[in-house]
Number of protein chains: 2
Amino acid sequence: MEVINRYITIKAHIDGAPKESDFELKDAALPLRVDPDTNLVIVKNLYVSIDPYQLNRLKSFSSSQSAINFAAGVTPGEGIDAYGVGKVVVSGNPEFEKDDLVVGLISWGDYTVVKPGVLLRKFDPLGLPLSYQVGILGFSGLTAYAGLFDICKPKKGEKVFVSAASGSVGNLVGQYAKLFGCYVVGSAGSKEKVALLKEKLGFDDAFNYKEETDLKATLKRYFPDGIDIYFDNVGAEMQEAAVANMKAFGRVAVCGVISEYTDAGKRAAPDMLDVVYKRIKIQGFLAADHMNVYQDFLKKTCDQLSTGEIQAVEDISDGVESIPSAFVGLFRGDNIGKKIVRIAQD
Amino acid sequence: MEVINRYITIKAHIDGAPKESDFELKDAALPLRVDPDTNLVIVKNLYVSIDPYQLNRLKSFSSSQSAINFAAGVTPGEGIDAYGVGKVVVSGNPEFEKDDLVVGLISWGDYTVVKPGVLLRKFDPLGLPLSYQVGILGFSGLTAYAGLFDICKPKKGEKVFVSAASGSVGNLVGQYAKLFGCYVVGSAGSKEKVALLKEKLGFDDAFNYKEETDLKATLKRYFPDGIDIYFDNVGAEMQEAAVANMKAFGRVAVCGVISEYTDAGKRAAPDMLDVVYKRIKIQGFLAADHMNVYQDFLKKTCDQLSTGEIQAVEDISDGVESIPSAFVGLFRGDNIGKKIVRIAQD
């Protein structure tokens, strides 16, 4: 049997903010069979993750990322791997059988031929939506959890600021921090997002950064006594303003810097005098280094989902063909919560 | 009995690079007596420390420093406290007696009236020069030791880069790191300093940053496989270049940023994509928070001094009147090693 596999690729490396026209939908015939000793697995993709960091892979080669597997550069014309959920169609790997639900590195397409050694594992959905595996129970969740607890090591009562707080990671950081006993303020880019944070997700406060002209003064208003923890998803001026408003022994977890992704000249230049005198720690991290907290993260998050204490905020589009607009929208702030594309119904 | 106490002060707050004319030598009569219940101690100053960070106290008010005692702003016309060694002349404090040798927060002058609560303690010179208390066995030494071992947590064989490497702290960081088993390269601002690092202090390599036009390329040349630890004494472009050349899990200890002290507009803007993907930690610190390693530091350093494994590099001027030129010279890179002014012979 043979299917037509439609997949998304880039026409050329992307420079600056991505446009839908940078992408194209290609297709190719895919025979649904694998030789038994190849260890190949063909997966029908169900849900794929749409993440800002992918943009860095679509640019020309960046040496800083070359050492990281999932951040390796993408070649124009070829398929783009992405975290997601699928169902095994054919398996040449004894670890997988037809119809196994799997999560791992699949692709922005209808099907993925997963090579041995690539991250892929079976999972039990535990009665929860399959899409949760891509967001709250996947790397978005682990990133929020590990960044907050492993990197920032919060104490109850500490003041936490989260930027891009309605984004896939930010909304969870705020919810985790709040449930842990911190005071949490988030920034986001629209009234609707601010309302979500304050009214649905339990943030103590939130503001629309687009309505602010002096971020240092803004943060001084929301944190008159200073910030203990800044979970940075945006970089640039927001990081500078947060550092300026930090308390002694403040911690900045740098998860991503979306405002810098589309503008190579944009940088955060925090005042190092603040960094020294206030003994501030600015630390970059990747969730994959924190598998030590994975079981803890999964158990707590599943528990909190079942009691309704934590909420999964998802923004789901349908169909392979919607991937370019879903991705491009990330950089316009279109998404609320985790951006996911549903490739096929289970 | 009464003496004339000569002391250094500033005429006005300093903006930009300090000049000798920003300072003046004043004098005042000082009666050498204290009432018994005041807990005041009059100290004859012997050696005082001349440190770049003092410039930040001589500027207009900086909020980031206001919380730190020894970094509090200095009022024009008034005396300037500084770390140093002296001898008790009169004591109204039962903890001190006449002729006790003391180390602590004294002043840029002939005498200091030390108030209760101010850092001051007796010490035994253990046969070593008194000036060592101000440098290698004082905060310079503890800063180097704590910054390297407590903040950067080196492993044997790791690659360490130190800027301002012939300075008071930098030279010790390099010596400690080398003795610990790291590969150490330092940057400094003259041929003479570079020779000292390579020929006398055991650095594996060193370069004159003034002869380099592209610091990123320079560091790539000295660290073709990347930097594990950067001990930052200068900030700005050097920090950016170091971050660009770091390995995964690299650590930057920000001890001071001398290149930024004289230019408020100068900033380090390290690439946050490097910080994230290479999981870099950039951490400011102050030695005073690391008293937990003090005994260990003191014992190891005294042992290494006695075996000749480590060397105290001092740059000593004489007389209160030499303080302004000694201080101003720090920002021109005049000093080699720890800058100290000898106020009086013991």
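Lys and Arg count as positive and Asp and Glu as negative, while His and the chain ends are not counted.

**View 1. Charges of chain A in a predicted model.** With the place of a charge taken as NZ of Lys, CZ of Arg, CG of Asp or CD of Glu, the mean positions of the 39 positive and 45 negative charges of chain A lie 4 Å apart. This is a predicted model, in which local features need pLDDT of at least 70 and side-chain atom pairs count only at pLDDT 80 or more, whereas totals for chains, interfaces and linings use all residues. Residues are numbered from 1 along each chain as its sequence is written, chains are lettered from A in the order in which they are written, and side-chain values use heavy atoms, with hydrogens and water left out.

**View 2. Trp108(A) in the largest nonpolar core.** This core, a set of buried Ala, Val, Leu, Ile, Met, Phe, Trp, Tyr and Cys residues joined through side-chain atoms within 4.5 Å, has 118 residues, and those with the most contacts inside it are Trp108(A) and Trp108(B). Leaving aside neighbours within four places in sequence, Trp108(A) is in contact (heavy atoms within 4.5 Å) with residues including Tyr7(A), Phe23(A), Ile80(A) and Phe327(A).

**View 3. Val184(B) in strand S9 of chain B.** Not counting residues up to four places away in sequence, Val184(B) touches several residues, among them Val160(B), Lys178(B) and Phe203(B).

Conventions:
Buried means under 20% relative accessible area, exposed over 50%, partly exposed in between (1.4 Å probe, protein chains only). Helices (H or I, at least four residues) and strands (E, at least two) are DSSP runs, numbered from the N terminus.
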